[in-house]
Amino acid sequence: MNTEQIKDRYSMRDMLQRYGLPQPNKAGFLCCPFHKEKTASMKLYPKDFHCFGCGAHGDIFTFVMRMEGLTFQEAFAALGGGYATNFTARLSIYRAQKRREMQKKTEERLKQKKKLNDLLLAVYRRWLGRLEPLSDGWTDTYNALQYQEYLQELLNDPKKCYEVIK
Ligand SMILES: [Zn+2]
């Protein structure tokens, strides 16, 4: 199937079904799956969608791309498009899934690292207040604190934070 054939074949309602999402209300609105909300602000058209909350907008391909974190080509294949065999379609979906899992793991590690950093900063600062200034213990704690402060700076820098957890 090509893009037009896929669009002819599937409606936006089919896409909701595909992801087990509830059908829109009588006015054609449903809760947007792309941002957290309690009142339905996503308007569903037969072939398109538009969210008045977060501005998400597109057709069935966009919807699948965003729901599954796929590229257009992967979404196209996932909907049975192109010359892709079942195998390559599955492979690209598998790869996209792996990518998402890796990203999740990285985020989780970053979170843990930040937690530990916060904890150590608090502990070292407390110790430093109790130890005799310039004693051995004080100097060691001071150095350890300096390192954690440096680490905190890196962890809060979106460009450098991933270096820390490598
Ligand atoms: Zn939205």
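**Exercise 1.** How many bridges join strand 1 to strand 2, and do the two run parallel or antiparallel?

*Solution.* Keep in mind that you're looking at a predicted model. Start with the pair itself: strand 1 and strand 2 run antiparallel, with two bridges joining them. For an example, take leucine 30, whose bridge partner in strand 2 is methionine 42.

**Exercise 2.** Work out the strand order of the open sheet, then find which strands stand at the edges.

*Solution.* Step one: the sheet has four strands in the order 1-2-3-4, paired antiparallel. Step two: strand 1 (29-30) and strand 4 each have a single partner strand, so they're the edges, and one side of each has no neighbour in the sheet.

**Exercise 3.** Find the buried residues of helix 3 (residues 60-68), and say what they pack against.

*Solution.* First, pick out the buried ones: Ile60, Phe61, Phe63, Val64 and Met65. Next, look around them: their packing partners include helix 1 (3-9), helix 2 (12-18) and helix 4 (72-78). Then step just past the end of helix 3, where glycine 69 has a positive phi of about 65°.

**Exercise 4.** Which residues touch the most other members of the largest nonpolar core?

*Solution.* This core has 20 residues, and the ones you want are Ile60, Val64 and Ala75. Helix 3 gives the core its largest share, five residues. Now zoom in on alanine 75: leaving aside neighbours within four places in sequence, its contacts are Phe61, Val64, Met65 and Leu70.

How values were computed:
Residues are numbered from 1 along each chain as its sequence is written. This is a predicted model: local features need pLDDT of at least 70, side-chain atom pairs count only at pLDDT 80 or more; totals for chains, interfaces and linings use all residues. A residue is buried if 20 or more other C-beta atoms lie within 10 Å of its own, exposed if 12 or fewer, and partly exposed in between; C-beta atoms are placed from the backbone. Two residues are in contact if their C-beta atoms, placed from the backbone, lie within 7 Å. A nonpolar core is a set of buried Ala, Val, Leu, Ile, Met, Phe, Trp, Tyr and Cys residues joined through C-beta atoms within 7 Å. Two strands pair if DSSP finds at least two bridges between them.
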